[in-house]
Amino acid sequence: SSEVWAGFRVARRAFPRDLEISDGETIQIRCAHDGYRRLPGHPEHTRKWFFAPHALTLEDCVHGPCRNAVAYFHLHPNVSIEPSSDGTTGKIRLSPEHALEWQVESGTLTIAPSTYHPEFGRSVASHCLVLQLHDGNSRIRFAWS
């Protein structure tokens, strides 16, 4: 979320804050950053990670007047994507026998073309999951067996 303007050049840096970690049956991590403070209303992004056995849930919240926030989940080119017709659920197939299942609990998910950069100067076609936040909030769950 820092502003990158050239190779190895970073301008307005995002600074993390309010890191919280709690562990129990589910490990929870919460952290915010101010990387969008240059925008009108100085929005702040908070992400929460919930690590449970066989699942990871990600919750994003943008505080402030900005309501057009999007979370991008870039995928490796070797995986295949199997979305449901409405995009709220689907699978990321890692191999014929291994897959992650996703479930959108808040937000609207679409799939977009993207690129993967395995080394300097090399770009490989890929995809990303694009999760549009609703009223500044989104929640997506990835599960595996």
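A residue counts as buried under 20% relative accessible area, as exposed over 50%, and as partly exposed in between. By that scale Asp-18 is partly exposed, because its relative accessibility is 42%. The structure described here is a predicted model, and its secondary structure comes to 0 helices and 13 strands.

**Overall build**

- From the N terminus on, the elements of the protein run β-β-β-β-β-β-β-β-β-β-β-β-β, and the C-alpha trace spans about 45 × 40 × 30 Å along its principal axes.
- The protein has 145 residues, of which 30% count as buried.
- When contacts between residues at least 6 apart in sequence are considered, 42% of them join residues at least 24 apart.

**Strands β4, β5 and β6**

- Strand β4, which covers residues 27-33, pairs with β5 in the antiparallel sense over 7 bridges, and within this pairing Gln-28 stands opposite Phe-50 of β5.
- On pairing with β6, β5 is again antiparallel, here over 9 bridges, and Ala-52 has Ala-55 in β6 as its bridge partner.
- β5 and β6 form a hairpin that leaves 2 residues between the strands, and His-54 in the turn has a positive phi of about 70°.

**The sheet of β7, β12 and β11**

- An open sheet is formed by 3 strands in the order β7-β12-β11, with antiparallel pairing.
- The edge strands of this sheet are β7 and β11 (108-119), each of which pairs on one side only.
- On average, and with direction ignored, neighbouring strands of this sheet are turned by 35° against each other.
- Strand β12, residues 122-132, is joined to β7 over 5 bridges in the antiparallel sense, with Val-70 standing opposite Gln-132 in β12.

**The largest pocket**

- The largest pocket holds about 270 Å³ of space, and the elements that give two or more residues to its lining are β5 (44-52), β6 (55-63) and β7 (70-74).
- The lining is made up of 15 residues, and those that lie nearest the centre of the pocket are Tyr-36, Val-62, Ala-69, Val-70 and Ala-71.
- β7 supplies the largest share of this lining, with 3 residues.
- Sorted by class, the lining of the largest pocket consists of 10 nonpolar, 3 polar and 2 charged residues.
- Val-70, one of the residues nearest the centre of the pocket, is also the residue that stands opposite Gln-132 in β12.

**Phe-50 in strand β5**

- Phe-50 is found in strand β5 and is buried, because its relative accessible area of 16% falls under the 20% limit.
- Apart from neighbours within four places in sequence, Phe-50 is in contact with Thr-26, Ile-27, Gln-28, Ala-55, Leu-56, Thr-57, Glu-59 and Arg-139.
- Phe-50 and Ala-71 are 21 residues apart along the chain, and their C-alpha atoms are separated by 17 Å.

**Ser-80 in strand β8**

- Ser-80 lies in strand β8, which covers residues 80-83, and counts as partly exposed, because its relative accessible area of 34% lies between the 20% and 50% limits.
- Not counting residues up to four places away in sequence, Ser-80 touches Lys-91, Ile-92 and Arg-93.
- The C-alpha atoms of Ser-80 and Tyr-116 are separated by 14 Å, the two residues being 36 residues apart along the chain.

**Residues with a positive phi**

- In general, most residues other than glycine have a negative phi.
- Asp-18, which is found in strand β3 (residues 16-22), has a positive phi of about 60° although it is not a glycine.
- Asp-135, which is found in the loop between β12 and β13 (137-143), has a positive phi near 50° and is likewise a residue other than glycine.
- Asp-135 is exposed, because its relative accessible area of 62% is over the 50% limit, whereas Asp-18 at 42% is partly exposed.

How values were computed. Residues are numbered from 1 along each chain as its sequence is written. This is a predicted model: local features need pLDDT of at least 70, side-chain atom pairs count only at pLDDT 80 or more; totals for chains, interfaces and linings use all residues. Side-chain values use heavy atoms; hydrogens and water are left out. On a 1 Å grid over the protein atoms alone, a cavity is a set of points where a 1.4 Å probe fits but cannot get out, and a pocket is an open set with protein on both sides within 12 Å along at least five of seven lines; lining residues have an atom within 4 Å of a point. Grid points are joined across faces, edges and corners, and a volume is the space filled by probe spheres set on the points. Helices (H or I, at least four residues) and strands (E, at least two) are DSSP runs, numbered from the N terminus. Ala, Val, Leu, Ile, Met, Phe, Trp, Tyr, Cys and Pro count as nonpolar, Asp, Glu, Lys and Arg as charged, and the others, Gly among them, as polar. Buried means under 20% relative accessible area, exposed over 50%, partly exposed in between (1.4 Å probe, protein chains only). Contact means heavy atoms within 4.5 Å. Two strands pair if DSSP finds at least two bridges between them. Axes are lines fitted to C-alpha atoms, for helices over the stretch in contact, and angles run from 0 to 180 degrees between N-to-C directions.
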